[in-house]
Number of protein chains: 2
Amino acid sequence: MIPFLGSGKIKKMAKKLRIGLAQINPTVGDFEGNLRKHLFYLEEAARRKVDLLCFPELSLTGYPPEDLLLKPSFIKDNLWTLKEFVRYTKGKDITVILGFVDFKEGIYNAACVIHEGEEKGVYHKIFLSNYGGFDEERYFKEGDSWQLFLIKGVKVGLSIGEDLYYPIGPVTAQVLNGAELIVNIDASPYYIGKIEFREKVFSVRAQEGKVPIVYINMVGGQDELVFDGNSLIFDEKGEIIIRGKAFEEELIVIDLVIKEISTGRLLDPWLRKNKIREALNFGKQDLIVVDENKASYPKPSIESLRYTPLPLLEEIYRALLTGTRDYVKKNGFEKVLIGLSGGIDSSLVATVAVDALGKENVIGVMMPSRYTSQRSIEDASQLARNLGIELKVIPIEPIYEAYLETLAPHFKGTEFGTAEENIQARIRGNILMALSNKFGWLVLTTGNKSEMACGYATLYGDMAGGFAVIKDVPKTMVYELVKWRNKVAGYDLIPRSVIEKAPSAELKPDQKDTDTLPPYDILDPILKLYVEENASFEEIVSLGFDEETVKRVIRMVDRNEYKRRQAPPGIRITQRAFGRDWRLPITNRYRNDL
Amino acid sequence: MIPFLGSGKIKKMAKKLRIGLAQINPTVGDFEGNLRKHLFYLEEAARRKVDLLCFPELSLTGYPPEDLLLKPSFIKDNLWTLKEFVRYTKGKDITVILGFVDFKEGIYNAACVIHEGEEKGVYHKIFLSNYGGFDEERYFKEGDSWQLFLIKGVKVGLSIGEDLYYPIGPVTAQVLNGAELIVNIDASPYYIGKIEFREKVFSVRAQEGKVPIVYINMVGGQDELVFDGNSLIFDEKGEIIIRGKAFEEELIVIDLVIKEISTGRLLDPWLRKNKIREALNFGKQDLIVVDENKASYPKPSIESLRYTPLPLLEEIYRALLTGTRDYVKKNGFEKVLIGLSGGIDSSLVATVAVDALGKENVIGVMMPSRYTSQRSIEDASQLARNLGIELKVIPIEPIYEAYLETLAPHFKGTEFGTAEENIQARIRGNILMALSNKFGWLVLTTGNKSEMACGYATLYGDMAGGFAVIKDVPKTMVYELVKWRNKVAGYDLIPRSVIEKAPSAELKPDQKDTDTLPPYDILDPILKLYVEENASFEEIVSLGFDEETVKRVIRMVDRNEYKRRQAPPGIRITQRAFGRDWRLPITNRYRNDL
């Protein structure tokens with residue numbers, strides 16, 4: 001668009017900055033561990049002659065700290081950790097930006113600019129995240145000002161997460177006041193489509209401002225969230241110069257050429273409009289001098305890799321893997337226990353667990369009853385053999401008999417029904433939990449999103465466990481992931497029979513999921529509309545779905561809120577999961593008559 | 001303070017207004033039912049010649065509607081319901097104020113002033129509630145203006161909930177601009193101390209403004225919240241003129257004399273300060289004329305009762321009773337099922353349930369094992385006899401045997417421990433849920449707050465059920481409530497033996513709670529400090545508690561977050577319950593080393 005910017009003449013005027021992005025995986029509340037991680041990357045960055053090292057949003061505390069932010073001691077410990085870190089920057093000739101909680105008659109989601117053992121300035125996040133799974137307004141005061149930092153002779157505008165997403169905000173003000181580089185530190189959790197969304201929006205922001213943007217994101221799992229990394233640097237045309245790894249901790253180092261920004265901006269009508277400046281309602285701020293001296297070059301050269309985005313199914317699978325690994329490890333577990341039914345859900349969960357934790361840390365338990373088919377037993381055994389995991393076979397028949405006998409006088413005259421079905425599922429839950437209590441293994445549950453939505457699961461039965469790996473994965477996607485994983489394996493790692501048979505809970509003779517639920521290829525699109533997009537009955541029907549089916553699905557979703565409220569947390573992979581971002585009342589008569 | 005205000009001469013200048021407070025119990029999302037309720041009280045108020053009828057905050061939708069507010073169809077249905085109601089006000093010569101969700105490029109928590117089939121004006125809540133269990137910033141835009149409404153010749157300033165709690169806000173502006181009466185519609189949930197707090201603050205607000213305040217609160221249970229009613233009218237000296245019933249739906253009607261406010265205010269230096277006016281940053285608003293004609297008197301006289309506040313234990317008990325009744329009924333259940341252990345927790349829950357639902361709707365189940373004492377069996381039977389409820393006795397021994405036998409090969413070489421204890425609790429959970437599934441009875445769980453805090457409960461065992469009646473009641477308070485209830489009964493309704501024996505889970509021989517927990521009279525104060533007041537380890541120790549004990553308690557609270565996440569909802573009675581107002585991460589290494 002402004003072709004002469006690339007010419008040799010302009011290049012001579014350019015400043016250079018070696019930037020390090022520490023795309024780290026901190027743990028919430030682990031100040032000691034998080035400090036160690038910061039110091040490790042500080043050393044590493046110093047060794048690689050980095051000028052400006054950036055950590056993600058709230059990198060010292062981990063994200064999101066939730067109600068830990070209400071503990072005064074937590075705020076104090078966080079400030080103490082900051083002080084400790086600052087001390088270590090002395091003599092390093094490196095400017096560091098990191099995330100912490102600032103305290104000034106109230107707390108702020110803040111970023112600190114540190115250089116040579118000194119805090120040079122603090123930025124307070126202005127646009128707090130208070131939607132979806134976020135509750136930042138519950139804790140933080142809004143920032144009300146921005147600054148420019150002179151770092152190695154480059155004017156840097158600093159912002160946090162959300163601040164960069166808004167079309168008008170502190171970043172606009174920084175650009176209009178001469179920022180030559182924008183740094184945004186974020187903790188942005190993964191969902192399908194999020195990575196593309198970020199790249200698109202930030203590219204536009206860079207173009208609009210004719211300014212390079214450095215975007216650093218967190219990685220790792222924290223309860224239901226997975227941060228995907230994918231940190232980014234854009235040039236002033238909005239082109240991606242570098243993309244960090246997906247789902248992996250790393251230090252990204254790159255030499256960034258800061259072009260004489262004003263030249264490019266001279267051509268841009270947008271930046272001359274006073275109306276925009278006025279709309280901002282931000283005054284001009286002082287320039288905080290961190291380091292006036294330009295970076296000295298040449299430095300020993302560095303290699304910067306630009307990773308390509310992962311294909312969708314691999315991306316989702318990696319999210320599940322990361323979320324599972326971090327939940328297990330950060331909570332101090334080593335081994336996990338999975339009830340294997342021979343069905344596709346538990347097969348996928350076991351495979352993810354093995355990929356995340358190693359086969360020696362995954363134990364399968366097959367608990368056949370009178371309704372379990374021979375094929376299911378074979379499929380579970382074959383899967384365990386393929387994965388190389390231990391499989392315990394614990395028949396539940398004698399226990400089930402004991403329940404039926406005990407309850408016979410109370411159930412007299414009634415027909416076999418949900419009660420008898422659920423007893424079996426709850427026996428299995430009890431056995432898994434007994435093994436868990438005995439040996440300290442974490443139970444992973446195997447329910448998918450379609451089941452969670454419709455309540456097609458037994459509370460305290462197959463829902464019993466600490467972490468629900470595929471809770472946010474619709475059944476149709478479970479199939480896709482399994483097929484993808486088999487393709488990667490190069491053979492039927494998950495036995496073909498598991499994929500081909502009709503899904504069944506096997507809690508009564510010849511049971512099929514479709515006895516209760518619509519076929520999954522009809523159910524899943526309806527659920528997406530109702531759950532993720534808040535579409536109404538009328539809207540869904542108007543898209544061509546059968547009226548009775550839609551009614552039935554909505555009724556199931558609405559009436560099973562009580563089950564979801566007691567479900568274990570699981571990994572979010574869609575725009576709206578049944579987690580922190582799903583706050584429906586249980587007592588709710590809205591359209592109860594549907 | 002301004003004695004001549006009461007004299008005959010002043011009185012002649014006074015205007016009168018007959019005010020009706022419809023302290024209703026709506027159901028979230030039940031537009032049809034809530035509309036019916038509004039119309040019922042409209043008719044009733046018209047019959048009693050009310051001039052101004054007030055409903056609580058979000059009275060049309062119920063409170064809190066949570067994520068139902070994200071459904072466009074919900075907003076539309078709410079607006080339609082408002083229109084329907086407005087139609088019915090024609091010909092009634094009555095002004096109505098009610099709560100609804102307004103939609104103007106975003107949604108507002110709003111109050112509508114209605115007269116003779118017309119919407120006269122709408123107020124938007126300015127101070128949104130976004131703390132504790134509230135997430136209003138997640139949904140609503142803030143209001144940015146206020147009005148005065150001329151109702152029967154009286155200038156009325158209208159506000160919603162939180163707006164009246166703040167020392168400076170729309171109410172201040174209304175007063176400074178000549179409001180003669182303040183109306184605040186609220187949905188304020190109960191906790192211990194809340195009723196007194198409201199009365200104190202509003203009394204001060206009335207005094208400050210030299211203005212009478214009409215405060216209307218909701219009643220009834222909604223998931224974990226109980227709204228306590230206790231609507232209030234204050235005179236301009238801050239004296240309570242009338243107090244509505246606690247925990248009961250009613251129409252309060254009173255004739256309010258509106259004194260010539262300006263006379264009183266002439267004496268008040270506070271109201272002359274321009275500094276306050278400027279601090280407000282609110283412009284003067286137009287007066288919206290609803291009805292210029294003064295109310296005609298005399299009207300047929302009415303009786304207005306001023307209820308006295310309930311004694312504390314009765315207040316708490318009534319909160320539990322209301323919360324239980326409404327959760328059960330609003331969710332379409334008739335009967336409840338309670339596992340009776342012969343212990344004090346389940347005895348209290350059963351008693352609350354009988355008081356809330358009637359003895360014919362409560363079924364007790366005693367499930368003895370080898371570790372159940374004869375005394376426990378006798379105590380449970382005696383309680384059931386006293387309450388007049390059905391008691392099923394279902395021994396779990398054969399089932400327990402079957403589990404032990406099934407698991408023997410897997411448990412070989414291990415000692416009896418938590419695993420074996422929990423199996424018993426989970427058998428009981430399974431039996432209760434089987435009866436629930438078979439007969440459609442709701443299972444009430446019996447765990448108290450001290451247990452919930454320390455994780456001294458079995459997931460899927462005694463924690464299995466739909467609603468946790470005393471989840472927020474500390475164990476020491478359980479004892480007080482039981483003693484109070486026995487006193488009311490005039491005999492040992494809950495057998496004395498239940499109160500006198502040492503608490504035990506009876507899951508192994510000679511088990512006592514104190515084997516695992518500190519004595520409750522030490523535990524409960526520590527929990528209150530740590531859970532409700534966010535006190536740190538150091539702060540609690542500095543208050544004189546034993547260091548080791550405090551460490552142990554904090555460790556238990558922190559490490560059992562995963563259990564609480566899967567607990568059923570229960571009634572909030574303290575300033576901070578383990579519900580919507582407790583958002584701690586599970587993955588959390590904060591002070592993990594304690």
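## Symmetry of the two chains

Chain B superposes on chain A by a rotation of 180° with 0.0 Å of shift along its axis, at an RMSD of 0.0 Å. This is therefore the relation of a two-fold axis. The same surface serves both copies, as 100% of the contact residues of chain B recur in chain A. The model is a predicted one.

Among the residues of chain B, B:Gln566 comes closest to the rotation axis, with its C-alpha at 2.1 Å.

## Extent of the interface

In this model 85 residues of chain A are in contact with 84 residues of chain B. The size of an interface is often given as the accessible area lost when the parts come together. Here chain B and chain A bury about 7,400 Å² between them, and 53% of that lies on carbon and sulfur atoms. On the chain B side, B:Thr587, B:Arg589 and B:Tyr590 lose the most area to chain A; together they account for 11% of what that side buries.

## Polar and charged contacts

Between chain B and chain A there are 14 salt bridges. One of them joins A:Arg591 to B:Asp77, with the closest N and O atoms 3.2 Å apart.

## Make-up of the chain B side

Several elements of chain B each supply at least two residues of the side that touches chain A, including helix H3 (72-88), helix H8 (312-330), strand S18 (390-393) and helix H11 (397-411). The largest share, 15 residues, comes from H12(B). By residue type, the side of chain B that touches chain A divides into 39 nonpolar, 22 polar and 23 charged residues.

Conventions: Residues are numbered from 1 along each chain as its sequence is written. Chains are lettered from A and ligands numbered from 1 in the order in which they are written. This is a predicted model: local features need pLDDT of at least 70, side-chain atom pairs count only at pLDDT 80 or more; totals for chains, interfaces and linings use all residues. Side-chain values use heavy atoms; hydrogens and water are left out. Contact means heavy atoms within 4.5 Å. Buried area is the accessible area (1.4 Å probe) that two parts lose on being put together, summed over both. A salt bridge is a side-chain nitrogen of Lys or Arg within 4 Å of a carboxyl oxygen of Asp or Glu. Helices (H or I, at least four residues) and strands (E, at least two) are DSSP runs, numbered from the N terminus. Ala, Val, Leu, Ile, Met, Phe, Trp, Tyr, Cys and Pro count as nonpolar, Asp, Glu, Lys and Arg as charged, and the others, Gly among them, as polar. Copies are superposed by least squares on the C-alpha atoms of residues with pLDDT of at least 70 in both.
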